[in-house]
Amino acid sequence: NTQQAITLLVHDGRSISIMLRTYGEGAMLLLSQDVSERERNEAMRRDFVANVSHEIRTPLAALSGFVESLTVLRLEGGERERVLELMRQQSQRMQALVDDLLTLARLEGSPRPNPDHWFSLDDLIGRVMAEVAGLSAGRHQWHWPEPTGLELSGVESEAHSALANLLSNAVRYTPERGQIALGVQPLTDGSVALHVSDTGAGIAAEHLPRLTERFYRVDGSRSRATGGTGLGLSIVKHVCQRHGGELRIESEPGVGSGFTLVWPALRVRGGVEQGASDLLGAESALLPWAPRGRER
Ligand code: ADP
């Protein structure tokens, strides 16, 4: 069949589609096209659907099991309470997953954030502080930045979601009595770096490039046990990209992790006079709390 395309996998992992067609009298036309990108997108879409189904099926199976037990076993008192609590946990897990999926879908479907919508970084930090302090429930030592007077532009709820995700990860992956810091550093090019660092478990180098992929987890059971969906860092990365910023990650197993969200110069204004620095200068994102942190 001369109309049928065949796809060849070439040695470097790229896919080439080749099609042979009759072309006028006694002539043939050979069409070749590099379809690697299309195939990769298609494979990613399939993986994503498979992952979502798996993530939903697990708590759903647990929930149906509990419904069954409640129906068949006629549990009483404490035993019944225990099963109800487990059911609550599983439905919360599904809720968190659906919330994060909707957030991602919204990020992908929305227009580029308005450059003229300004919000106060200090107010944002204040709100996030109150939320994550509740999550940590006194188990960690916190270091917060002094008020900056800075304003950022873009979608405030997205900036909130990015910062809250980074800080709640720090809480979830840092053992009791560990330290967690948020640092704000204006950079020489006018952008602003928001560092979230912790003295938690850290992440081995080979995982770093894949960390922002959807559902990529270093330790799946730890992530799930602490209410993780595996989508947090992909949300953070999306928010950064949509605002023209970037996310940098550094980590050392056994020492801690640093996540730096750089908000671009065009979207930053105001601020009290502070020495701007190069991001890659002496101050490591892993240790921003020493000089200017405010303890809580
Ligand atoms: P999750 O919901 O699983 O935490 P994320 O996308 O937020 O998903 O993070 C992806 C993975 O990156 C986590 O499963 C965890 O293995 C690792 N990770 C994220 N933040 C930290 C951190 N502060 N310290 C150690 N590991 C982290």
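**Close-up views of pockets, cores and selected threonines**

**Figure 1. The second largest pocket.** The second largest pocket holds about 450 Å³ of space. The model is predicted: local features need pLDDT of at least 70 and side-chain atom pairs count only at pLDDT 80 or more, while totals for chains, interfaces and linings use all residues. Residues are numbered from 1 along each chain as its sequence is written, and side-chain values use heavy atoms, with hydrogens and water left out. A pocket is an open set of points on a 1 Å grid over the protein atoms alone, where a 1.4 Å probe fits, with protein on both sides within 12 Å along at least five of seven lines; lining residues have an atom within 4 Å of a point. Volume is the space filled by probe spheres set on the points, which are joined across faces, edges and corners. Of the 16 lining residues, Met44, Phe48, Thr212, Glu213 and Arg214 lie nearest the centre of this pocket. Helices α1 and α6 each supply at least two residues of the lining; helices (H or I, at least four residues) and strands (E, at least two) are DSSP runs, numbered from the N terminus.

Figure 2. Threonine 212 is placed in the loop between β8 (192-198) and α5. Its relative accessible area is 16%, so threonine 212 is buried (under 20%; exposed is over 50% and partly exposed in between, with a 1.4 Å probe and protein chains only). Residues up to four places away in sequence aside, threonine 212 touches Leu233, Ser234, Lys237, Leu247 and Ile249 (contact means heavy atoms within 4.5 Å).

**Figure 3. The largest pocket.** About 1,100 Å³ of space lies in the largest pocket. Its lining comprises 44 residues, with Asn169, Arg172, Tyr173, Gly228 and Thr229 nearest the centre. Helix α2 gives the largest share of this lining, nine residues.

**Figure 4. The nonpolar cores.** A nonpolar core is a set of buried Ala, Val, Leu, Ile, Met, Phe, Trp, Tyr and Cys residues joined through side-chain atoms within 4.5 Å. The largest has 45 residues, and Leu121, Ile125, Trp144, Leu163, Leu167, Val236 and Leu261 touch the most other members. Helix α4 contributes the largest share of this core, eight residues. A second, separate core of six residues includes Leu63, Leu75, Val83 and Met94.

**Figure 5. Threonine 58 in helix α1.** Threonine 58 belongs to helix α1 (residues 36-73). Because its relative accessibility is 34%, threonine 58 counts as partly exposed.
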